[in-house]
Amino acid sequence: MGKSKSIGLLLFAFLAFTAAGVSGCKGGGTSASSSAPHALADEPNVTFRDLQGNNVPLASLKGKVVLVNFWATWCEPCRGEIPILINLQKEYSGKGFTLLGAAMDEEGAKVVQPYVQSTQFNVGGQPQTMNYPIVLGTDAITDKFGGLLGMPTSFLISRDGKIVKKYMGGINETQIKKDVESQL
Amino acid sequence: MNSVTTSGRLLALCALALMAALGGNTQAQEATPLAPAQVVKTHAYASLDPVPRGKDFQVAVVVDINQAYHMNSHKPSDSYLIPTTITPQLPPGFILVDTAYPAGHDKKFPFSPDKPLNVYSGTVTLRLKLTAQSSAPLGTVTIPMTLRYQACNNSACLPPVKVPVSIEFKVAAAGTASHPAHPEVFSATGSSGN
């Protein structure tokens, strides 16, 4: 009886710690990491503003595979992955995919607009500006995605509006292409 | 007998599983990124004790940066990067003569393998040169300051943050004898990070 109680207590403690570990891992690390490639959650009901001030509900992209990329003009690792994002948009936008770059700059469109218009990125040896839709992110929006621990952070959303993968830190081109293709 | 052995084994298995779970959780906590304001620890020092009215003195803000992180120097590599700054909110009776920032060091990162970035890491000391005017309040004075920085680790960046720092020191009448304080901080040429 005493042993049964001990076993019961240990099992309870194990389950409690395991659960704590799982919830503790939810946020992941800042090293370039990604969570499991299965549906994590429904996409949040959020509405971004584009650089002209128009509303862009995330739900309006339902039917497309969407990569929401949270970035900022001051974020060097974000800048480093933009050529990959440009390539993704080039390669898959005709196949039911779109990128959505959500800029987290506090100053908003005032700083993001000129950056988007004038910054040239080296894409396969060719200078190119960002070729995908840019919107403005807010803390309220990122909270609905579960909060950001750093940038860049990206979320891959399936055609039916499920978050299927979260990427923290710079993305790997081979991996992201594989993931996008698996959703198309 | 057999059931006791089985119970014992199950108990041991549970204990091992618990230890594994504990170990795993610790690793997860280590990997969890810091909040932006947790990246640094700051200490502020005044160069004179007390500071006589009419004298110039220095305030040093020593910034210990978490070893997994770096922050842009005061003169970062590109204009779009956010520089580290220290800004005092001076009470009446004090003048800011100069703010001296250490030079950063150029370092390449996995996300910027070709272009080195000018950053601070490790411990850096920012210095403010101040004048206590004849109207400076006598007695204990606190000067609040704001340290602004934007930190990254090797793969991701934290949002820019403003961290409050303050220095407390004594102001005495003009001509009062005073002695240099914290020579270990002020005799150094100024840290420039690792």
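Analyst: Start with two helices of chain A. Helix α2 of chain A covers residues 76–92, and helix α5 of chain A covers residues 173–183. Their axes lie 11 Å apart, and the helices pack at an angle of about 30 degrees. Angles under 35 degrees count as roughly parallel, so α2(A) is roughly parallel to α5(A). The crossing of these two helices, α2(A) and α5(A), is right-handed. On the α2(A) side, the contact is made by Ile84(A), Leu88(A) and Tyr92(A). On the α5(A) side, Glu173(A), Ile176(A) and Val180(A) take part. By class, the residues of the contact of α2(A) with α5(A) are 5 nonpolar and 1 charged, with no polar residue. This is a predicted model.

Next, a loop residue in chain A. Met104(A) sits in the loop between β6 (97–103) and α3 (109–118) of chain A. Met104(A) has 24 C-beta neighbours inside 10 Å, so Met104(A) counts as buried; the cut-off for buried is 20 or more. Leaving aside neighbours within four places in sequence, Met104(A) is in contact with Phe70(A), Trp71(A) and Ala72(A), and also with Gly137(A) and Met151(A). Chain B is represented too: Pro159(B) is in contact with Met104(A). Trp74(A) lies 30 residues from Met104(A) along the chain, and their C-alpha atoms are separated by 9.6 Å.

Now the strands of chain A. Strand β3 (residues 47–50) of chain A pairs with strand β4 (residues 55–57) of chain A in the antiparallel sense, over 3 bridges. Thr47(A) stands opposite Pro57(A) in β4(A). The two strands, β3(A) and β4(A), form a hairpin with 4 residues between them. In that turn, Gly53(A) has a positive phi of about 95 degrees. β3(A) also pairs with strand β9 (residues 134–136) of chain A, again in the antiparallel sense, over 2 bridges. There, Arg49(A) stands opposite Leu136(A) in β9(A).

An open sheet of 4 strands in chain B runs in the order β3-β13-β11-β6, with mixed pairing. Its edge strands are β3 (51–52) and β6 (85–88) of chain B, and each pairs on one side only. β3(B) and strand β13 (residues 161–172) of chain B run parallel, joined by 2 bridges. In β13(B), Ala172(B) is the bridge partner of Pro52(B). Strands of a sheet pair through backbone hydrogen bonds, either parallel or antiparallel.

Methods: Residues are numbered from 1 along each chain as its sequence is written. Chains are lettered from A and ligands numbered from 1 in the order in which they are written. This is a predicted model: local features need pLDDT of at least 70, side-chain atom pairs count only at pLDDT 80 or more; totals for chains, interfaces and linings use all residues. Axes are lines fitted to C-alpha atoms, for helices over the stretch in contact, and angles run from 0 to 180 degrees between N-to-C directions. Angles under 35 degrees count as roughly parallel, over 145 as roughly antiparallel, 65 to 115 as roughly perpendicular and the rest as oblique. A crossing is left-handed if the near helix is turned anticlockwise from the far one by less than a right angle, and right-handed if clockwise. Two residues are in contact if their C-beta atoms, placed from the backbone, lie within 7 Å. Ala, Val, Leu, Ile, Met, Phe, Trp, Tyr, Cys and Pro count as nonpolar, Asp, Glu, Lys and Arg as charged, and the others, Gly among them, as polar. A residue is buried if 20 or more other C-beta atoms lie within 10 Å of its own, exposed if 12 or fewer, and partly exposed in between; C-beta atoms are placed from the backbone. Two strands pair if DSSP finds at least two bridges between them.
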